[in-house]
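Let's take a walk through a protein together.

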Amino acid sequence: PAPLTSLADQVVRSASSVAADLSEGHDRSGRDRLHHWRIAYASAKEVETHLRLLAGAGAVDSGRARSAVGLFDQVRAMTWRLLHPRA
């Protein structure tokens, strides 16, 4: 629905940011690398939040939203391991 269009657009921007920041961090080193990976982690969490809001509003199928949230949870887990290699 029209009132939720900006939220749906934000999902696309946040999801794109995850991939872009993971990629950009890969080519960096030190704190700059970690900075990009932290942004990717936060963007993945942002996608989850927006998808839950959209599903709660009935704007997206809740089953498909759950599936996407599960995938972004896996991305966050992998990113967490990049940020905390000894944890």
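Which residues does histidine 50 touch, not counting residues up to four places away in sequence? They are Leu7, Gln10, Val11 and Ser14, where contact means heavy atoms within 4.5 Å. Before we go on, please note that this is a predicted model, in which local features need pLDDT of at least 70 and side-chain atom pairs count only at pLDDT 80 or more, while totals for chains, interfaces and linings use all residues. Residues are numbered from 1 along each chain as its sequence is written, and side-chain values use heavy atoms, with hydrogens and water left out.

Histidine 50 sits in helix 2. Is this residue buried or exposed? Histidine 50 is buried, with a relative accessible area of 13%; buried means under 20% relative accessible area, exposed over 50%, and partly exposed in between, using a 1.4 Å probe and protein chains only.

Now step back to the protein chain. The C-alpha trace spans about 45 × 25 × 15 Å along its principal axes, and buried residues make up 26% of the 87 residues.

How do two of these helices meet? Helix 1 (residues 5-26) and helix 3 (residues 62-83) pack at an angle of about 25 degrees, with their axes 12 Å apart. Axes are lines fitted to C-alpha atoms, for helices over the stretch in contact, and angles run from 0 to 180 degrees between N-to-C directions. That angle makes helix 1 roughly parallel to helix 3, a label for angles under 35 degrees. In this packing, Ala15, Val18 and Leu22 from helix 1 meet Phe72, Val75, Thr79 and Leu82 from helix 3.

Leaving aside neighbours within four places in sequence, valine 18 is in contact with Ala40, Ser43, Ala44, Phe72 and Val75. Val18 also belongs to the largest nonpolar core, whose nine residues include Leu7, Val11, Ala44 and Phe72. A nonpolar core is a set of buried Ala, Val, Leu, Ile, Met, Phe, Trp, Tyr and Cys residues joined through side-chain atoms within 4.5 Å. Helix 1, helix 2 (30-56) and helix 3 each supply at least two residues of this core, and helix 2 gives the most, with four.

Definitions and conventions. Parallel < 35°, antiparallel > 145°, perpendicular 65-115°, else oblique.
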